[in-house]
Amino acid sequence: MTKQRLVMGNWKMHGSLASNQQLLEQLIAGLGSAHSHSDVVVCAPHPYLAQLQQILTNTAIQWGAQNLSEHTQGAFTGEVSPLMLKDFGCQWVLVGHSERRALYGETDADVLAKTVAALDAGLTPVVCVGETESEQAAGQTQAVILQQLQSILKLETALLSRIVVAYEPVWAIGTGKSATPEQAQAVHAYIRGLLARHHVAAVQVLYGGSVNAGNAADLFAMPDIDGALVGGASLKAADFLSIAAA
Ligand code: PEP
């Protein structure tokens, strides 16, 4: 039996009302049979969540955000709370994407706080982890992932079982240089082992980093790869649909 996969698009800071509408209409029209074995989610910039709610309600596509505040409300100018994301129908939120860590200084403590805030609000946090090129070259991949996940792994089982983990090697994001299926599988097996030690073997582990229509099927053939977090290719309907159908 084919296992249900999760294919998530991260639009990053791209889009406009007009281009989003066109993309979403093409995705809705194209999903058809692909949806039977992939759950499909798109994560858009905050201002477009109302548009996603309007267009995607009662379709097969779910939606989410790319970041959230760890606070529910208050004097936090420029921040967006998990309750606001819920107001706009989000079920998902990315947490600790490598661009947030590298460009906006998000620490593992921030990622934990945001993960907990998302869970408290009933959102599914997609916790992103992954090593840089130099860390990989130094053989530190597992150590980096353990460091990034260890405080989250201490959450009580009922909470931990509600997260999704995305393994996104930084050197593969937006570079066109995906991890090979074997490389990704090795790290996914390691992450699966960490989760199993905390009695949450059922957590989905996605791969992200230059996933495209040409490499998705080989990645998905790996036993511990449960789906993909897709950046660039999620902005092109045909490519994203091919990945969802791979
Ligand atoms: C991402 O933004 O999470 C990502 C994986 O990007 P890309 O697919 O473009 O490498």
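1. Which residues of helix α2 (residues 49–56) are buried? In this predicted model, they are L49, Q51, L52, I55 and L56. Viewed down the axis of α2, these buried residues fall within an arc of 155°, so they line one face of the helix.

2. Just after α2, N58 has a positive phi of about 65°.

3. The largest nonpolar core holds 66 residues. Those touching the most other members are L27, V42, L52, L149, I191 and Y207. Helix α9 (residues 181–197) gives the most to this core, namely 6 residues. Another core, of 12 residues, lies apart from it; L6, V41, V126 and L229 are among its members. L52 of the largest core is also one of the buried residues of α2.

4. Y207 deserves a separate entry. Leaving out residues up to four places away in sequence, Y207 touches Y167, P169, A172, S178, A179, A184, H188, L219, I225, G227, A228 and L229. L229, included in that list, is a member of the 12-residue core, while Y207 belongs to the core of 66.

5. Helix α1 packs against helix α11 (residues 237–245), the axes coming within 9 Å and crossing at roughly 35°. The crossing is right-handed. On the α1 side the contact involves L23, Q26, L27, G30 and L31, and on the α11 side A237, F240, L241 and A244. By class this gives 7 nonpolar and 2 polar residues, with no charged ones. L27, in this contact, is also listed among the core residues that touch the most other members.

6. From α5 the contact takes D108, V111, L112 and T115; from α7 it takes Q147, Q148, S151 and I152. The class count here is 3 nonpolar, 4 polar and 1 charged.

7. Is D110 buried, partly exposed or exposed? Its relative accessibility is 26%, so D110 counts as partly exposed; the cut-off for buried is under 20% and for exposed over 50%. D110 sits in helix α5. D110 and E70 are 40 residues apart in sequence, with a C-alpha to C-alpha distance of 7.8 Å.

How values were computed. Residues numbered from 1 in each chain as written. Predicted model: local features only at pLDDT ≥ 70, side-chain atom pairs only at ≥ 80, totals over all residues. Heavy atoms only, no water. Contact = heavy atoms within 4.5 Å. Helix = DSSP H or I, 4+ residues; strand = E, 2+ residues; numbered from the N terminus. Nonpolar A, V, L, I, M, F, W, Y, C, P; charged D, E, K, R; others polar. Buried < 20%, exposed > 50% of the residue type's maximum accessible area, 1.4 Å probe, protein only. Arc of directions from axis to C-beta. Core = buried A, V, L, I, M, F, W, Y, C linked by side-chain atoms within 4.5 Å. Axes fitted to C-alpha atoms, helices over the stretch in contact; angles between N-to-C directions. Left-handed = near helix turned anticlockwise from the far one by under 90°.
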